[in-house]
Amino acid sequence: MPDYTFSAPHKPLLQQGKKVVWPTEGVTLRYSADSLEEVAEIFHTTVENIKELNPDWQDNYSRNGGRYWDLKVQAEPYTVPENNVVTVTVNAPWVEGYYDRTEVSDVPASLDKQARAALASAYYFQYHWFGMHAGFMPFESVEGLPGWLQGYATDGAFYTKFSEFSSFLHTVYSDAWIDDMLNMDPAPFAEGESDTILTIDGDRGSNIAYCGHVFTEPELQPDGSLTFYQVVLTCESEDFAGWAGDDPVVPDTATLSPVRLIPTEDGWRVDELELPT
C-alpha cells in the first residue's frame with residue numbers, strides 16, 4: 001500500500017489557489033441524474049418545477065450515457081459549504097513516473113483516519129490510473145488482446161502483480177465498485193497469465209472551467225453507510241477566458257456529485273466517487 005500523511009483539519013481552499021475567489025454571493029446549483037423523477041425526489045420538489053428551471057431539459061439528456069446532465073435544481077442561489085477538510089498526501093515511492101508517484105487530496109475532516117485514507121486513495125487511483133489517464137505505465141505491448149487492452153504492466157508501474165493490485169482495490173473500494181470496474185466493456189484492466197496485469201493506455205481532457213471542489217458534511221445513513229456530496233465549482237460565465245490572465249475568477253456554478261462509503265469488518269470502503277474534473 002502507499003504511504004499516507006495527514007494535515008490538521010482546516011478550512012477548505014479551492015484547488016486553483018489564488019486564481020480563484022471564494023463565491024460569497026452564492027452560485028447556481030446543478031445535479032446530474034438518470035431521470036427527472038430522481039432529481040425531484042432528491043431535492044424535494046416536483047418534475048414540473050425541474051422542467052421550469054430547465055427550459056432546455058430535453059437537450060440535457062444524453063442518449064449515450066442515459067443521463068440528464070447539469071440540471072439546475074433550485075431557483076435561489078446556493079451557499080457553498082465551508083466544512084473543515086484534512087489534506088492527505090498519498091505516496092507510492094516505487095512508481096517510476098514522478099507525477100504519478102504522489103497525490104494530494106482534501107477530504108472531509110469529520111471522517112476517521114481510515115476513511116480519510118481510503119477516500120484519498122480513491123482520488124489517487126482515479127486521477128492517475130482510472131480517470132485523467134487510464135491504465136498503468138510503463139507497460140509492454142502485446143498484440144491480439146481483447147477490447148482496448150494494450151499489454152501488461154512492467155516494473156515502475158503502480159502494480160505489476162494482479163494479486164497485489166486486487167489487494168489495493170479491496171482495501172479502498174467496495175466489492176461492487178471493483179466488480180463494476182473490472183467488468184466494464186471495454187475493461188480497463190484484466191488479470192493476465194502468471195499474475196500479470198493487462199492494461200489499457202488512454203487519456204482524456206479536463207474541464208477548463210473547473211475551479212475546485214469542497215464537501216457537504218458526511219451523514220450516517222440507516223444502512224450504516226456514510227453519504228455526502230462533492231461540490232464541484234466551475235465558472236460558466238461567457239466572460240471566462242481561461243487561466244492565463246491576472247484577474248481572479250469567481251465560480252458561479254456548483255454541481256453536486258454523490259460520495260458514498262460503506263462499512264466492512266476491515267473499515268470503510270468507497271462505493272461511489274466521481275472525479276471532479
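Me: Against which elements do the buried residues of α6 pack?
Reply: This is a predicted model, in which local features need pLDDT of at least 70, side-chain atom pairs count only at pLDDT 80 or more, and totals for chains, interfaces and linings use all residues. Residues are numbered from 1 along each chain as its sequence is written, and side-chain values use heavy atoms, with hydrogens and water left out. Helices (H or I, at least four residues) and strands (E, at least two) are DSSP runs, numbered from the N terminus. Packing rests on contact, meaning heavy atoms within 4.5 Å, and the partners of the buried residues of α6 are α4 (113-128), α5, β10 (189-191) and β17 (267-272).

Me: Which residues of helix α6 are buried, and within what arc do they fall?
Reply: Buried means under 20% relative accessible area, exposed over 50%, and partly exposed in between (1.4 Å probe, protein chains only). In helix α6 (residues 175-182) the buried residues are Trp177, Ile178 and Met181. They line one face of the helix, because seen down the axis of α6 they fall within an arc (taken from the directions from the helix axis to the C-beta atoms) of 95°.

Me: Which residues are exposed on the other side of α6?
Reply: The buried residues of α6 include Met181. On the other side of the helix, the exposed residues are Asp175 and Asp180.

Me: Is phenylalanine 165 buried or exposed?
Reply: Phenylalanine 165 belongs to helix α5 (residues 162-172). Leaving aside neighbours within four places in sequence, its contacts are Phe125, Phe136, Tyr159, Met181, Phe189 and Ile197. Its relative accessibility is 0%, so phenylalanine 165 counts as buried.

Me: What kind of pair do the rings of phenylalanine 125 and phenylalanine 165 form?
Reply: Rings of Phe, Tyr and Trp (its six-membered ring) pair if their centres lie within 6.5 Å; planes under 30 degrees apart count as stacked, over 60 as edge-to-face and the rest as tilted. The whole structure holds 29 aromatic pairs. For phenylalanine 125 and phenylalanine 165 the ring centres are 6.0 Å apart and the planes stand at 45°, so the pair is tilted.

Me: How many residues apart in sequence are the parts that this pair ties together?
Reply: Phenylalanine 125 and phenylalanine 165 are both buried. Phenylalanine 125 lies in helix α4 and phenylalanine 165 in helix α5, so the parts tied together are apart in sequence by 40 residues.

Me: Is glycine 245 buried or partly exposed?
Reply: Glycine 245 lies in the loop between β15 (226-234) and β16 (253-264). Its relative accessibility is 44%, so glycine 245 counts as partly exposed.
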